[in-house]
Amino acid sequence: MEKTRQIKIISLCALLVAVLGLTVAFAALSQTLTINGSAAVNAASWDIHFEKTSGKETEVKGTATFTEPTLSGTTIENFSATLTKPGDSVTYYFNIVNNGTVDAVVSNYNFSYGYTKCMGLREGSAGWEDCKAWDLDKSGTINTNDKAKYMELFDYNIYYVDGGKKLASKDTLNAGETKHMKLVIEYKDTATELPENNITLTSSDPITITYEQKD
């Protein structure tokens with residue numbers, strides 16, 4: 001009888017040890033994670049504008065003449081250039097500055113050449129007198145052949161000073177960044193002919209560069 005009782009006591013102790021062991025095991029696999037902090041939304045600023053390039057004067061080559069434009073904030077206006085012969089050129093330097101806190105990207109770059117509004121016109125049609133100077137191949141129609149000849153004779157566009165790439169849609173301008181730019185108006189020195197009439201490289205539409213928030 002006593003022997004049987006001892007066995008029961010020993011068995012009960014073994015069970016208690018097993019339970020305690022199980023409790024310890026569960027405690028070892030239990031962990032509390034705590035996150036303390038706060039969230040805030042700071043006001044963003046949007047400020048993209050033109051600035052004059054310090055120490056970089058407008059370059060005029062050959063017999064070209066140039067009227068210095070007015071630069072203020074988001075506009076460059078009242079510039080004009082006259083090119084007379086191959087080798088004449090004007091290069092105007094300026095900066096585009098992102099002084100805000102939001103990264104930006106060029107969503108639209110509207111650069112309309114003088115021949116754009118004349119494309120498709122034929123001799124004798126309305127508006128021909130104003131556009132006939134763009135009939136560079138003398139075919140009586142202003143078409144893609146005249147555009148190709150224009151490209152051989154002239155260069156008129158906006159370029160990055162660093163790298164020399166043309167400004168284009170999808171170009172980025174990150175917060176705090178400044179891009180050094182140049183407006184080039186050139187009668188190429190490789191040109192082998194002269195237009196018979198005076199022509200205006202620009203159209204009546206202004207050059208516009210539209211920036212939007214970068215994704």
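Me: Leaving aside its neighbours within four places in sequence, which residues is Asn98 in contact with?
Reply: Glad to start there, with a reminder that this is a predicted model. Asn98 is found in strand S7. Leaving aside neighbours within four places in sequence, its contacts are Asp47, Ile48, Asp103, Ala104, Leu173, Asn174, Ala175, Gly176 and Glu177.

Me: Is Asn98 buried or exposed?
Reply: The cut-off for buried is under 20% relative accessible area. Asn98 has a relative accessible area of 2%, so its class is buried.

Me: Which backbone oxygen does the side chain of Asn98 reach?
Reply: Leu173 is among the residues in contact with Asn98. At a distance of 2.9 Å, the side chain of Asn98 reaches the backbone oxygen of Leu173.

Me: Let's step back to the whole chain. How many helices and strands are there in the protein?
Reply: Helix H3, for one, spans 144–153, and strand S8 spans 104–110. In total, the protein has three helices and twelve strands.

Me: What percentage of the accessible surface belongs to carbon and sulfur atoms?
Reply: Buried residues make up 31% of the 215 residues. The accessible surface comes to about 14100 Å², and the part belonging to carbon and sulfur atoms is 52%.

Me: Which elements give two or more residues to the lining of the largest pocket?
Reply: By class, this lining has 23 nonpolar, 16 polar and three charged residues. The elements that give two or more residues to it are strands S1, S5, S6, S7, S9, S11 and S12.

Me: Is Leu167 buried or exposed?
Reply: Leu167 sits in the loop between S9 and strand S10. Not counting residues up to four places away in sequence, Leu167 touches Val106, Tyr109, Ile158, Tyr159, Tyr160, Met181 and Ile209. Its relative accessibility is 3%, under the 20% cut-off, so Leu167 counts as buried.

Me: How about the backbone angles: what is the phi of Asn78?
Reply: Most residues other than glycine have a negative phi. Asn78 lies in the loop between S5 and S6, where it is exposed at 57% relative accessibility. Though not a glycine, Asn78 has a positive phi of about 65°.

Me: Is Lys170 buried or exposed?
Reply: Lys170, in the loop between S9 and S10, also has a positive phi, near 80°. The cut-off for exposed is over 50% relative accessible area. Lys170 has 65%, so its class is exposed.

Me: Which residues does Arg122 touch, not counting residues up to four places away in sequence?
Reply: Arg122 lies in the loop between strand S8 and helix H2 and is exposed, with a relative accessible area of 54%. Its C-alpha is 6.6 Å from that of Ile142, which is 20 residues apart in sequence. With residues up to four places away not counted, Arg122 touches Trp128, Gly140 and Thr141.

Me: Is Asp135 buried or exposed?
Reply: Asp135 lies in the loop between H2 and helix H3. Beyond four places in sequence, Asp135 touches Trp128, Gly140, Thr141, Ile142 and Asp146. With a relative accessible area of 6%, Asp135 is buried.

Methods: Residues numbered from 1 in each chain as written. Predicted model: local features only at pLDDT ≥ 70, side-chain atom pairs only at ≥ 80, totals over all residues. Heavy atoms only, no water. Helix = DSSP H or I, 4+ residues; strand = E, 2+ residues; numbered from the N terminus. Buried < 20%, exposed > 50% of the residue type's maximum accessible area, 1.4 Å probe, protein only. Areas by Shrake-Rupley, 256 points an atom, 1.4 Å probe, with all protein chains shown as cover. Nonpolar A, V, L, I, M, F, W, Y, C, P; charged D, E, K, R; others polar. Polar contact = N/O pair within 3.5 Å; in protein donor to acceptor, adjacent residues only side chain to side chain. Contact = heavy atoms within 4.5 Å.
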